[in-house]
Amino acid sequence: MVGADAIADRIETDPAHRRRGLGRAMMSALAEAAVTHGARTGLLIASEEGQRLYSSLGWHHEADVLIARGPVVPSDR
């Protein structure tokens with residue numbers, strides 16, 4: 001929680017346990033807990049697989065996100 005925002009970050013279901021409803025159960029529990037603690041807005045960044053789950057849970061796409069990593073700096077510096 002940051003103010004009235006609930007931020008879900010790095011939530012993942014191990015590949016061996018996917019397609020069993022675990023992600024749905026976890027995200028539903030997290031959303032319920034966030035609302036109980038006063039959240040008015042939920043924020044997350046989703047993978048393509050996650051987008052389908054979150055859409056089915058009522059989340060709405062607001063913006064595209066680019067995650068980039070800078071050039072590698074040699075360790076001898």
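Here is a short chat about a predicted model of one protein chain.

Biologist: Hi! Which helices and strands does the chain have, and how many?

Modeller: Hello! In this predicted model, the chain has two helices and two strands.

Biologist: What pattern do they follow along the sequence?

Modeller: Reading along the sequence, you get β-α-β-α.

Biologist: Okay, and what is the radius of gyration of the chain?

Modeller: The chain has 16 Å, whereas a compact globule of 77 residues would have a radius of gyration near 11 Å. Along its principal axes, the C-alpha trace spans about 50 × 35 × 20 Å.

Biologist: How many of the 77 residues count as buried?

Modeller: That would be 9% of the 77 residues. As for the accessible surface of the chain, the total is about 6900 Å², and carbon and sulfur atoms account for 52% of that.

Biologist: What about contacts between residues at least 6 apart in sequence?

Modeller: Of those contacts, 65% join residues at least 24 apart.

Biologist: Let's switch to single residues. Where is Arg10?

Modeller: Arg10 sits in the loop between S1 and helix H1, and H1 covers residues 22-36. Arg10 has a relative accessible area of 80%, so it is exposed.

Biologist: What is the phi of Arg10?

Modeller: Arg10 is not a glycine, yet it has a positive phi of about 60°. For background, most residues other than glycine have a negative phi.

Biologist: And Arg19, where is that one found?

Modeller: Arg19 is also in the loop between S1 and H1. Its phi is positive too, at about 65°, although Arg19 is not a glycine.

Biologist: Is Arg19 buried or exposed?

Modeller: Arg19 counts as exposed, because its relative accessibility is 84% and the cut-off for exposed is over 50%.

Biologist: Now the start of the chain. Where does Val2 lie?

Modeller: Val2 is in the segment before strand S1, which runs 5-8. With a relative accessible area of 52%, Val2 is exposed. Val2 and Ile45 are 43 residues apart in sequence, and their C-alpha atoms are 16 Å apart in space.

Biologist: Which helix holds Gln51?

Modeller: Gln51 belongs to helix H2, made up of residues 48-56.

Biologist: How far apart are Gln51 and Met27?

Modeller: Gln51 and Met27 are 24 residues apart in sequence and 12 Å apart in space, C-alpha to C-alpha.

Biologist: Last one: how many positive and negative side chains are there?

Modeller: There are 9 positive and 10 negative side chains, and the centres of the two sets lie 4 Å apart.

Notes:
Residues are numbered from 1 along each chain as its sequence is written. This is a predicted model: local features need pLDDT of at least 70, side-chain atom pairs count only at pLDDT 80 or more; totals for chains, interfaces and linings use all residues. Side-chain values use heavy atoms; hydrogens and water are left out. Helices (H or I, at least four residues) and strands (E, at least two) are DSSP runs, numbered from the N terminus. Buried means under 20% relative accessible area, exposed over 50%, partly exposed in between (1.4 Å probe, protein chains only). The radius of gyration is taken over C-alpha atoms; the globule rule is 2.2 Å times the number of residues to the power 0.38. Contact means heavy atoms within 4.5 Å. Accessible areas come from the Shrake-Rupley method with a 1.4 Å probe; for residues, only the protein chains shown count as cover. Lys and Arg count as positive and Asp and Glu as negative; His and the chain ends are not counted. The place of a charge is taken as NZ of Lys, CZ of Arg, CG of Asp or CD of Glu.
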